[in-house]
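Please read the report below alongside the sequence and the 3D view.

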Amino acid sequence: MPADFNWAIGGEAGDGIDSTGKVFAQALSRAGRHVFTSKDFASRIRGGYTAYKVRTSTEKVRSVVDRLDVLVALTPRTIEENLDELHEGSVIIYDGERTTMADVEIPEGMIGLDVPLKRLAEDAGGAVMRNVVALGAACEATSFDIEHLDSSLKKHFGGKGQAIVDNNKQAARLGQEYVRDNYPDADLEYALETTDNDYVLLNGDEAIGMGAIAAGCKYYAGYPITPATDVMTYLKGRIEQFGGHVVQAEDELAAINLALGAARAGARSMTATSGPGIDLMAETFGLVATSETPLVVVDVMRSGPSTGMPTKQEQGDLNMMLYGGHGEIPRFVLAPTTVEECFWKTVEAFNLAEKYQTPVYLAADLAMAVTEQTFEPEAFDMDAVEIDRGKVVDEESIADHQTESGGFKPHEITEDGVSPRAIPGTEGGAHMSTGLEHDEQGRRTEDTEMRVEQVDKRNRKVETAREREDLSPREFGDADSDNLVLTWGSNEGTLVEALEFLEEDGIDVRILSVPYLFPRPDLTAEVEAADEVVVVECNATGQFADVVEHDTLQRVKRVNKYNGVQFKADELADDIKQTLAAGQEVEA
Amino acid sequence: MSSEVRFTDFKSDKQPTWCPGCGDFGTMNGMMKALAETGNDPDNTFVVAGIGCSGKIGTYMHSYAIHGVHGRALPVGAGVKMANPDLEVMVAGGDGDGYSIGAGHFVHAVRRNVDMSYIVMDNRIYGLTKGQASPTSREDFETSTTPEGPQQPPVNPLALALASGATFIAQSFSSDALRHQEIVRKAIEHDGFGFVNVFSPCVTFNDVDTYDYFRDSLVDLQETDYDPHDREAAKEKVLDADKEYMGVLYQDENSVPYEETHGLDSSMADIDHEGAPEGATDLVREFY
């Protein structure tokens with residue numbers, strides 16, 4: 001384990017917890033430290049407990065841990081909520097002048113820094129900056145150079161003018177000085193090292209948005225929904241600079257249909273939502289597939305069913321994405337496994353959508369979508385982005401795809417299943433497309449032979465992709481191990497960190513993290529080669545485990561978590577250890 | 001090409017399966033003629049059709065077209081137009097598609113004011129499913145699913161449009177070929193969302209709202225001194241419980257279409273780069 005440090009700010013929703021946390025995370029990133037953040041919040045504008053947690057190290061961090069070293073507590077509940085993670089020597093920064101905090105008791109062995117956050121903020125220019133005073137105090141408690149915080153404050157408040165930036169810097173200094181002057185003897189053992197490394201700090205939703213622009217996406221329609229809204233927020237104001245447009249639709253039904261319209265007009269087009277929106281979009285998803293329209297549909301999964309726990313982690317929509325919709329719908333389902341992969345899989349999703357003229361589900365999950373993490377900027381190397389638009393015909397090549405009477409064939413029966421695509425405006429390309437079964441020209445048909453030919457043709461695109469695309473899983477751990485752990489989505493980073501805990505117990509495992517869920521790699525050989533197979537996922541029933549059993553005709557063991565919180569590395573290592581042990585007992 | 005375009009160029013080689021005498025024949029003819037008359041050709045025209053008898057229109061016309069899911073034609077049309085403002089976009093559907101399952105989109109399409117036309121073939125009945133009440137059926141109109149009539153007032157699409165901020169509201173009658181074509185033409189020419197409710201009688205399942213009924217009762221605003229630019233006058237007309245009108249009921253001369261408000265002036269279909277667009281690396285730098 002890298003020597004890491006864990007910090008959090010907690011209070012009530014509406015207290016500015018999120019933005020304060022991000023300012024501190026950015027300061028750490030600018031100091032050349034790696035950062036992995038997590039959020040704990042209630043789905044209310046105001047009134048619920050919420051916290052922004054930052055794990056930081058000079059080495060790469062991939063998951064959250066059960067430890068808190070410094071906590072900024074704006075409410076007594078913040079301390080109660082985190083008692084299990086606080087330890088001897090933990091520092092709690094609070095404002096004893098706040099009525100609700102006046103009687104707060106600092107647990108035995110911990111260091112309480114009572115800082116008049118509001119009063120000092122007012123001295124600096126306004127009570128609204130009280131959280132920034134706390135950040136200044138945190139800098140002092142961790143021997144962290146406040147200039148990194150200045151740099152972050154400038155980034156976040158620069159748009160509001162230099163005076164605001166200066167006031168915030170001053171607020172931070174007042175917090176820093178207050179701790180220095182009033183707690184000269186406190187045993188503050190933390191010292192956050194800095195490095196010269198340059199990192200970028202972003203979350204999965206932002207990476208998806210950036211990936212979309214990189215891929216040439218010009219049109220986004222969406223309806224706000226937690227935790228997918230950040231995709232739209234990111235694109236708005238940015239995509240326009242690249243000739244694109246964002247529409248806030250009246251509902252998810254409109255969102256996917258607007259996006260479908262733009263895709264029919266030839267734009268690279270996308271919508272993003274979460275489970276409830278995916279349900280609403282399901283009917284149109286079938287139309288997208290039947291009309292052979294390239295479209296990217298992002299599902300940032302949250303806890304379901306129904307409204308579920310909107311701000312909590314879950315990977316419960318896999319079955320919906322694999323099988324959702326009436327009839328049989330050829331599709332792609334890609335699941336990024338990290339924030340970085342959110343970017344690359346989005347780029348790939350656009351290429352797959354256009355190469356195979358098929359809808360693509362991009363299955364992200366809350367744990368990676370709304371938490372900021374650091375990466376080396378080269379992780380998002382724009383020079384490595386490639387665009388493949390597939391079989392688009394122009395006015396010259398169109399003649400090869402017309403009937404004798406000049407009718408264009410948008411659903412031409414071809415060997416690889418992919419038909420020519422004429423973008424509206426192309427002379428000689430006018431054609432109908434429809435959700436009804438149709439002939440090669442897109443005209444409605446109930447001809448039994450044509451029906452079978454069209455179904456086969458559409459399904460053949462999936463088979464073609466299986467042959468042409470690299471669907472390999474991502475591999476970690478010991479390739480020769482008899483213990484195989486399979487997972488998908490954001491669990492990858494946690495699993496990689498769990499390896500170290502398992503090693504300490506003398507357990508080796510081979511990890512395969514699967515980003516292609518349909519079409520997907522054939523894992524039969526890997527599963528057969530292993531003595532024990534464990535599938536790790538954040539849902540109750542083991543949807544991916546079912547898929548693996550279906551594909552490989554082998555029973556697998558399951559580690560599931562569905563309480564709304566993502567896995568933690570030590571906890572996951574324990575779960576895997578116990579699951580493997582249980583298997584051995586049965587065999588014995 | 002456009003100078004040589006004839007309205008029959010917009011006709012596909014599929015023969016309509018509408019019942020003989022269906023109003024939709026006339027409605028479609030007027031649409032094709034108006035498209036040709038306004039200088040469009042099939043390769044720059046995009047027709048979006050809804051579901052229902054009216055929804056078949058995309059199959060019988062020749063142009064770029066999509067026949068979507070029930071009730072969602074309007075957002076599809078808006079998406080097409082935003083992504084390529086050079087296309088002439090026409091959305092066509094029925095009263096069920098537009099005012100029942102798609103009523104939510106109707107309100108928002110009107111508000112959005114994308115420069116396209118919306119032709120609703122209003123026959124006040126569900127024809128394709130063989131005669132159930134539609135949102136515009138009369139309160140006492142007896143059908144298999146409403147033996148005592150719907151017992152609720154019909155949707156008033158014109159008033160709904162006006163209340164939602166429409167910039168162009170018109171009503172026509174499929175059997176009055178010249179007036180219908182002229183009204184659709186005005187909707188196409190309008191800078192914004194051109195909404196036309198077309199009385200398009202169902203001869204099979206609706207024996208109340210018939211050709212005779214509309215012929216006898218419709219008042220053509222063209223034959224009065226009505227000023228379609230007067231919103232207050234339009235309010236009175238669309239809420240008139242005693243009479244039904246034909247013609248342009250309201251047109252906002254200062255209408256600014258969505259594309260203009262949002263600076264959409266070119267096709268999004270072209271991608272002139274094989275990798276990420278120029279300047280994309282700046283997006284990464286933003287995250288420092």
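## Chain B as a whole

Of the 288 residues of chain B, 57% count as buried; a residue is buried if 20 or more other C-beta atoms lie within 10 Å of its own, exposed if 12 or fewer, and partly exposed in between, with C-beta atoms placed from the backbone. This is a predicted model, in which local features need pLDDT of at least 70 and side-chain atom pairs count only at pLDDT 80 or more, while totals for chains, interfaces and linings use all residues. Residues are numbered from 1 along each chain as its sequence is written, and chains are lettered from A and ligands numbered from 1 in the order in which they are written.

The C-alpha trace of chain B spans about 70 × 45 × 40 Å along its principal axes. Chain B has eleven helices and eight strands; helices (H or I, at least four residues) and strands (E, at least two) are DSSP runs, numbered from the N terminus. In chain B, 72% of the contacts with a separation of 6 or more are between residues 24 or more positions apart, where a contact means that two C-beta atoms, placed from the backbone, lie within 7 Å.

## Where chain B meets chain A

Contact between the chains involves 47 residues of chain B and 60 residues of chain A. On the side of chain B that touches chain A, helix 3 of chain B gives the largest share, eight residues. By class, that side of chain B has 24 nonpolar, 18 polar and five charged residues. Here Ala, Val, Leu, Ile, Met, Phe, Trp, Tyr, Cys and Pro count as nonpolar, Asp, Glu, Lys and Arg as charged, and the others, Gly among them, as polar.

Strand 15 (residues 432-434) of chain A and strand 2 of chain B run parallel and are joined by three bridges; two strands pair if DSSP finds at least two bridges between them. Within this pairing, T434(A) stands opposite H67(B).

## Domains of chain A

Chain A is assigned domain 1 (5-198), domain 2 (202-384), domain 3 (397-468) and domain 4 (474-587), with bounds from an automatic or database domain assignment. The centres of domain 2 and domain 4 of chain A, taken over C-alpha atoms, are separated by 26 Å. Their contact takes 24 residues from domain 2 of chain A and 20 residues from domain 4 of chain A.

## A sheet in chain A

An open sheet of five strands in chain A has the order 16-18-17-20-21 and mixed pairing. Strand 16 (474-477) and strand 21 (557-560) of chain A are the edge strands, each pairing on one side only. Strand 17 (residues 483-487) and strand 18 (residues 510-513) of chain A run parallel, joined by four bridges. L484(A) stands opposite R510(A) in strand 18 of chain A.

## One buried residue

Is R30(A) buried or exposed? R30(A) is buried, because 21 other C-beta atoms lie within 10 Å. R30(A) belongs to helix 1 (residues 17-30) of chain A. Leaving aside neighbours within four places in sequence, R30(A) is in contact with H148(A), S151(A) and S152(A). The C-alpha atoms of R30(A) and D196(A) are separated by 8.9 Å, though these residues are 166 residues apart along the chain.
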